[in-house]
Amino acid sequence: MISQQSRHCTVELQALPSRIGQVRRIVSAQLRYWHLDPLIERAALGVTELLSNVHRHAEPDKTCTVEMELLLGRLTVSVHDHDPRLPVVQDADPFATCGRGLAMVAAVSESWGVRPHGETGKVVWFTLPASSASVPKISPYDTGLTLDTAPPYDTGRRPAARGHRSEHAPARSAVAG
């Protein structure tokens, strides 16, 4: 379910490795659609870590819901699962191959936390600032150029005439919202 008015996106899934990759692509596409490209890497990393924790630790099942909400200049990404046990941040041994997920979420986010969700699970969340500096004031397609004033077309393989390289427009998503 996606609602444009509140900039809200919800995805339900089984936290399996193949699904985690799909959710990363959905998060990336949704943030592109909302013109929040600067947040994509941190949001994708954070959601990957939270879903990996569900995959590794959640019981009785791996069913979860990922929510993204853009409200008052802040993007909140949360993962709800059905395991009531709250995660504990631990100091990982320097040679450990796991155990750093929540520390990474804390490092890339503005804030993060966990809250119980009744007796049926928990919600782990993190926030990223979506300041006005990261949201374009105009559409990248609204350049005001006409055929008479547009720079020469360039494929990016060689320098364009007059020493200019064309700017590639950002990818657009088919995800509504």
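This is a predicted model: local features need pLDDT of at least 70, side-chain atom pairs count only at pLDDT 80 or more; totals for chains, interfaces and linings use all residues.
Residues are numbered from 1 along each chain as its sequence is written, and local features need pLDDT of at least 70, side-chain atom pairs count only at pLDDT 80 or more, while totals for chains, interfaces and linings use all residues. Side-chain values use heavy atoms, with hydrogens and water left out.

**Stop one: helix H2**

Select residues 40-57, which form helix H2; helices (H or I, at least four residues) and strands (E, at least two) are DSSP runs, numbered from the N terminus. The 18 residues of H2 should span 26 Å at 1.5 Å a residue, and the end C-alpha atoms are 26 Å apart, which agrees; the expected span is 1.5 Å times one less than the number of residues.

Colour the buried residues of H2 next, among them Ile40, Ala43, Val47, Leu51 and Val54, where buried means under 20% relative accessible area, exposed over 50% and partly exposed in between (1.4 Å probe, protein chains only). Their cover includes strand E2 (8-14), helix H1 (17-33), strand E3 (63-71), strand E4 (74-81), helix H3 (101-108) and strand E6 (122-129).

**Stop two: the nonpolar core**

The largest nonpolar core has 31 residues, and those with the most contacts inside it are Val23, Leu31, Trp34, Val47, Leu51, Leu75 and Val79; such a core is a set of buried Ala, Val, Leu, Ile, Met, Phe, Trp, Tyr and Cys residues joined through side-chain atoms within 4.5 Å. At least two residues of this core come from each of E2, H1, H2, E3, E4, H3 and E6, and H2 gives the most, with 6 residues.

Centre the view on Leu75: leaving aside its neighbours within four places in sequence, Leu75 is in contact (heavy atoms within 4.5 Å) with residues including Leu31, Trp34, Ala43, Met68 and Phe126.

**Stop three: the salt bridges**

The whole structure holds 3 salt bridges, each a side-chain nitrogen of Lys or Arg within 4 Å of a carboxyl oxygen of Asp or Glu.

- Select Glu110 and Arg74, whose side chains meet at 2.5 Å, N to O. Glu110 lies in the loop between H3 and strand E5 (111-116) and Arg74 in strand E4, so the pair ties together parts that are 36 residues apart in sequence.
- Select Lys122 and Asp81, with their closest N and O atoms 3.0 Å apart. Lys122 lies in strand E6 and Asp81 in strand E4, so this pair joins parts 41 residues apart in sequence; Lys122 and Asp81 are both buried.
- Select Asp83 and Arg85, which meet at 2.6 Å, N to O. Asp83 is buried, with a relative accessible area of 4%, whereas Arg85 is partly exposed at 46%.
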